[in-house]
Amino acid sequence: MMSLNGSSFLKNSFTGVSMTQSQSLRLPVVRNRFTVVGMVNSNNGRPERNASVSVDSAVKEVNGPVAVEAVESDSKQPTTAAVGGGVEDVYGEDRATEDHFITPWSVSVASGYSLLRDPHHNKGLAFTVKERDAHYLRGLLPPVVVNQDLQRTGLWFAYILASQTQHEGGTYWFRLVYLKKDLIRDDVNNQVKKMMHNMRQYQVPLQRYQAMMDLQERNERLFYKLLIENVEELLPIVYTPTVGEACQKYGSIFKNPQGLFISLNDKGKILEILKNWPQKKIQVIVVTDGERILGLGDLGCQGMGIPVGKLSLYTALGGIRPSACLPITIDVGTNNEKMLNDEFYIGLRRRRASGQEYAELMNEFMSAVKQNYGEKVLVQFEDFANHNAFDLLAKYSTTHLVFNDDIQGTASVVLAGLISALKLVGGSLADHKFLFLGAGEAGTGIAELIALEISKQTNAPLEETRKKVFLVDSKGLIVRSRLDSLQHFKKPWAHEHEPVNEFLEAVKAIRPTVLIGSSGAGQTFTKEVVEAMASFNEKPIILALSNPTSQSECTAEQAYTWSEGRAIFASGSPFAPVEYNGKVYVSGQVSASRTFEINILQQCIHFPGFGLGLIISGAIRVHDDMLLAASEALAEQVTQEHFDNGLIYPPFTNIRKISAHIAAKVAAKAYELGLASRLPQPENLVEYAESCMYSPSYRNYR
């Protein structure tokens, strides 16, 4: 290793320097934020670059000649500034696009056989010959070396141009020019292509799910690379709908733990259990008690597939580092007789705890989380039953950074869709009337956010704007005369109106412009209901949000056919595009091969960016205004071109950029409300969010 400083810099000319490949030049910089490391050889008299050059936290991939200038001492030569990641990065994951030297045991010891079984550092066949020799891998892998993706093969060159000026003043400057050789496409030896080829051989979705989970446990970076680059194809596998079947059969397919299991037997030891998790810098926890998994009900301990899947999306689509994510299942038993009698069930074989026993366990858990991970760790409640979900959110929202995706996340993404849809039907939210079938977590959460947005737009009291929204539950329209028998979260929606027992009659009585289903009851938007909506609306907005498909209030084909092609439809379950009278209709959002559901949209477009915004701002609490900001940011991403194609949500083409925009709006609101702790506020929050995102590209090991 040669260190260039003082006279040694002046004594060398760097054009055609002859050095072996194991030697390197380290160029020190005093007055700016770069670290520049170059490696050269002289096989043909041209210095070759295959070491690292980092500018602040990252050097972006170069597609042509790029100059990076650095200055020492008091020189006035121009410098380049990069946006730095503001979140502590133990594993260097924020800088994964760098080609920099790192040892896989810089944090944990791994080499040889152990290295190949460390998902954080394993690269499989992508280990170079040099790395295989250095890390005792020779013989443990077949001889072929496979690159990660089609755009990574090729050679990098660095030419060092240095001035020959006198050094008496103690000043000098240099310029590095990076040139990338024409890329050589490798259509055979390619990990991403090969894995997708293998994945498509499986005909059963659960087999694809298991293959993806195996890959995540074997090679974490390749898993996320695959997911990011094939998001539309793999999301239904990694999350809904396939994750539902995975949870039902979790005991049978369970191999290695992917998160923490905390049960009633662990009372008094939860802090100790949290300390057992190997990663210490946790920023996001997704936790479930498994009582209401999707539309499948109580799956008990086997609901772990939900936190694992959600956090995979946090990383792939929101850029949260895998090492900062922690899935947790709280096992308090199950009331599902099938689970209790299943010989492969992995949870406690007892009836569900409730009341004080349940509350004490959850309180110990929340206290331990805050004690172990601090004030700024985001705890996302997932798939809790109504009676616990609302209570937990209300209890801990004033003391912890908590978020319920079923109540708040669904609401925010649906509100974004409504804001977009109004550009097609006209008017503002205040000009419309909303009728819900379903008054649980999702229904009341969406209703409340709609009322909040109307209040924000009109400056009317929330109590007044709620009167624009009507809810129907299993006993009929929620009205004032039912107030004494209603659960507390339904009471704000008990309006003055005569009782109506039948849903169709409620539609005719309220005459809504927007119909929203969150009931979990399939085929409840009947032909008569849709025809009634179409009779008093030129463009009825119909959102059938329940999932899976069997629980959808109506299908896309039914909505378009029964409304004579006039409905604006989005769903909570995937439906293929529909052809009616020679025109093809798409619901919610569509790719080349399938229609995506609002539930998937929620996972992909909303909560990853929302969580990223909380983290990069160092938020200590979630405020309703942050949810409104996220909805508005998502709606802003819908262009006229999207509307022309029948979309009310932006496509998946640039999902991470969408997440960055949502994160920026959420972070900006956190700073505005005085809830941000990461100071000072970055000047450009979008660039800052992008700079903090995890990249799954491989790093080089020395």
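In this predicted model, Val231, Leu235 and Val238 of helix H7 touch Gly309, Ser312, Leu313 and Leu317 of helix H11. By residue type, that contact holds five nonpolar, two polar and no charged residues. Two open sheets are also described below, one of five strands with parallel pairing and one of six strands with mixed pairing.

**Helix pairs**

- H7 spans residues 231-238 and H11 spans residues 305-318; their axes come within 10 Å and cross at roughly 160°. Because angles over 145 degrees count as roughly antiparallel, H7 is roughly antiparallel to H11.
- Helix H15 (residues 405-425) and helix H22 (residues 624-636) have axes that come within 8 Å, with a crossing angle of roughly 40°. H15 is therefore oblique to H22.
- The crossing of H15 past H22 is right-handed.
- On the H15 side, the contact with H22 involves Gln408, Ser412, Val413, Leu415, Ala416, Ile419, Ser420 and Lys423. On the H22 side stand Leu627, Leu628, Ala630, Ser631, Glu632, Leu634 and Ala635.
- The contact of H15 with H22 comprises nine nonpolar, four polar and two charged residues.

**Five-strand sheet**

- The strand order in this open sheet is S9-S11-S10-S12-S13, and the pairing is parallel.
- Strand S9 (260-263) and strand S13 (401-404) form the edges, each pairing on one side only.
- From one strand to the next, the twist averages 25°.
- Five bridges link strand S10 (residues 284-288) with strand S11 (residues 325-331) in the parallel sense. Val284 lies opposite Cys325 in S11.
- Helix H13 (residues 355-373) packs on the sheet and touches S9, S10, S11, strand S12 (378-381) and S13. The direction of H13 makes about 160° with that of S11.

**Six-strand sheet**

- This open sheet runs in the order S16-S15-S14-S17-S18-S19, with mixed pairing.
- Strand S16 (476-477) and strand S19 (568-571) are at the edges; each has a single partner strand, so one side of each lacks a neighbour in the sheet.
- Strand S18 (residues 541-544) and S19 run parallel and are joined by four bridges. Opposite Ala544 stands Ser571 in S19.
- Helix H18 (residues 503-510) lies across strand S14 (434-437), strand S15 (469-473), S16 and strand S17 (514-517). H18 runs at about 170° to S14.

Terms used. Residues numbered from 1 in each chain as written. Predicted model: local features only at pLDDT ≥ 70, side-chain atom pairs only at ≥ 80, totals over all residues. Heavy atoms only, no water. Axes fitted to C-alpha atoms, helices over the stretch in contact; angles between N-to-C directions. Parallel < 35°, antiparallel > 145°, perpendicular 65-115°, else oblique. Left-handed = near helix turned anticlockwise from the far one by under 90°. Contact = heavy atoms within 4.5 Å. Nonpolar A, V, L, I, M, F, W, Y, C, P; charged D, E, K, R; others polar. Pairing = 2+ DSSP bridges.
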